[in-house]
Amino acid sequence: MAKKNIGNDEPCCSFCGKSESKVEHLIAAPGDNVYICNDCVAICREQLQEHSETLPDKVALLPPEELKTELDKYIIGQDDAKRVLSVAVYNHYKRVNYNLRNVKGNSRERDDERTVAERNNGDGVELNKSNILMFGPSGCGKTLLAQTLSKILKVPFAMVDATTLTEAGYVGEDVENILLRLIKNADYDVAAAERGIIYIDEVDKIARKSENVSITRDVSGEGVQQSLLKIIESTVSSIPPNGGRKHPQQEFIHMDTTNVLFILGGAFVGLDKIVSDRLGKTRIGFGGALKSETTDPDAILPQVQPQDLIKFGLIPELVGRVPVTVALKDLKSEDLVRVLTEPKNAIVKQYVKLLDLDGVQLEFDNTALKAIADKAISLHTGARGLRTIVENAMLDIMYKVPSDKTIKKIIITSETIERGAPPKVVKDAA
């Protein structure tokens, strides 16, 4: 029960001055003669909600040069791709911060109903979203680039394989369940998820088989591309909180995808041939024009145009929603050696640390590193296969070292990698 103020018949709110009889409820604070009414509590709640919904929404941005420098710490090579990605991601989140800065004094429910045009600063300038399409051979770093960008920017990240998706109503995973995965990775913080990154891998596997529009149902190809359109651009999706199919009686999580960055990736095998054919035909007969372009895919793929992607099998509407294209190069032997040794999470560094915890020094000589890289290239696995090769070579060592306290140093040579020969072992002289 609230205490009365000294000299007055009724206690009063210390903020607005209203007496207890003029408000629904008056709350007494610890101490004497300090009160707050329900009206002032409601005003404080609104101000706190406004503060919590606007300030944390901004993404801490790095300029493109600094962003690329951070990417260099984790990803070897692909300098051109990292430059393009750094600029594209910087512009995307600059746009996100710009739009959020100009949304004032409204609850999230009301803001969801505002159009992009209403969110601008009144100067008529509308900043559209630019999603990204990455293509390059398997194991060249597409997934790692997307994951690392989210880590640097501290935004939620979700990855999905496009081949698991189907149109709504068919057996498989609904396209909108991609958003649920992002929400889960954001610990169900929808506001944070709305600023996250979604990476859709193997997009080339859902390309239609021809440029002609399909007249039959295609639940895993063209149909999936059509289903992706609305969430990739901008929509407020209704998502079942437990995934699965929708039904009218269940509750939904509502999520706006306006500020979600979508990165699509795939190997796009054969795309270089389409680009090469467009750039110039091979000479036929004596009067034919001589094709002067190189046949090296690393030189051809950066010249991809929207019509090439459409000819490959992506629908025009999807191509229009991913205006930024990034071509990744196949990693050479020297690149793979650097992948093994230079990044913060380099495989060799990890194994050196693991054995160091057992008091054993581990060393890979240069011939071993070269052998690992060459083996990965021969298997056509790129950087993805490096860990498997090293893991197989290290299995016996990791098995024996913890039990043999006399081992002080282990040296991995090319014979260990190529023929499975035992490594050089240095033991305690005692």
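These legends describe close-up views of a predicted model.

**View 1. The whole protein, for orientation.**
The secondary structure comes to 18 helices and 14 strands. Of the 430 residues, 44% count as buried. Residues 24 or more positions apart account for 68% of them.

**View 2. Helix H15 against helix H17.**
H15 covers residues 347–356, and H17 covers residues 386–400. Their axes come within 11 Å and cross at roughly 20°. Angles under 35 degrees count as roughly parallel, so H15 is roughly parallel to H17. The crossing of the pair is right-handed. On the H15 side, the contact residues are Ile347, Gln350, Tyr351, Leu354 and Leu355. They meet Leu386, Arg387, Val390, Glu391, Met394, Ile397 and Met398 in H17. By class, the residues of this contact divide into nine nonpolar, one polar and two charged.

**View 3. Helix H14 and its cover.**
H14 runs over residues 333–341. Its buried residues are Ser333, Asp335, Leu336, Val339 and Leu340. Seen down the helix axis, these fall within an arc of 155°, so they line one face of H14. An α-helix has 3.6 residues a turn, so residues three or four places apart point the same way. What covers the buried residues of H14? The cover includes H15, H16 (366–378) and H17.

**View 4. Ala371 in helix H16.**
Ala371 has its place in H16. Is Ala371 buried or exposed? Its relative accessibility is 7%, so Ala371 counts as buried; the cut-off for burial is under 20%. Which residues touch Ala371, leaving aside neighbours within four places in sequence? Ser414, Ile417 and Glu418 are in contact with it.

**View 5. Helix H2 across helix H6.**
H2 spans residues 64–72, and H6 spans residues 142–153. The two axes come within 10 Å. They cross at roughly 120°, which makes H2 oblique to H6. The crossing of H2 and H6 is right-handed. H2 contributes Leu67, Glu70 and Leu71 to the contact. H6 contributes Leu145, Thr148, Leu149 and Ile152. The residues of this contact divide into five nonpolar, one polar and one charged.

**View 6. Thr69 in helix H2.**
Thr69 also belongs to H2. Thr69 is partly exposed, with a relative accessible area of 43%. How far apart in space are Thr69 and Ser86? The pair is 9.6 Å apart, C-alpha to C-alpha. In sequence, 17 residues separate Thr69 and Ser86.

**View 7. Helix H7 and the residue Asp187.**
H7 takes in residues 177–185. Its buried residues are Asn177, Ile178, Leu179, Leu180, Leu182 and Ile183. Just after H7 comes Asp187. What phi does Asp187 take? The phi of Asp187 is positive, at about 55°.

Key: Residues are numbered from 1 along each chain as its sequence is written. This is a predicted model: local features need pLDDT of at least 70, side-chain atom pairs count only at pLDDT 80 or more; totals for chains, interfaces and linings use all residues. Side-chain values use heavy atoms; hydrogens and water are left out. Axes are lines fitted to C-alpha atoms, for helices over the stretch in contact, and angles run from 0 to 180 degrees between N-to-C directions. Helices (H or I, at least four residues) and strands (E, at least two) are DSSP runs, numbered from the N terminus. Angles under 35 degrees count as roughly parallel, over 145 as roughly antiparallel, 65 to 115 as roughly perpendicular and the rest as oblique. A crossing is left-handed if the near helix is turned anticlockwise from the far one by less than a right angle, and right-handed if clockwise. Contact means heavy atoms within 4.5 Å. Ala, Val, Leu, Ile, Met, Phe, Trp, Tyr, Cys and Pro count as nonpolar, Asp, Glu, Lys and Arg as charged, and the others, Gly among them, as polar. Buried means under 20% relative accessible area, exposed over 50%, partly exposed in between (1.4 Å probe, protein chains only). The arc is that of the directions from the helix axis to the C-beta atoms.
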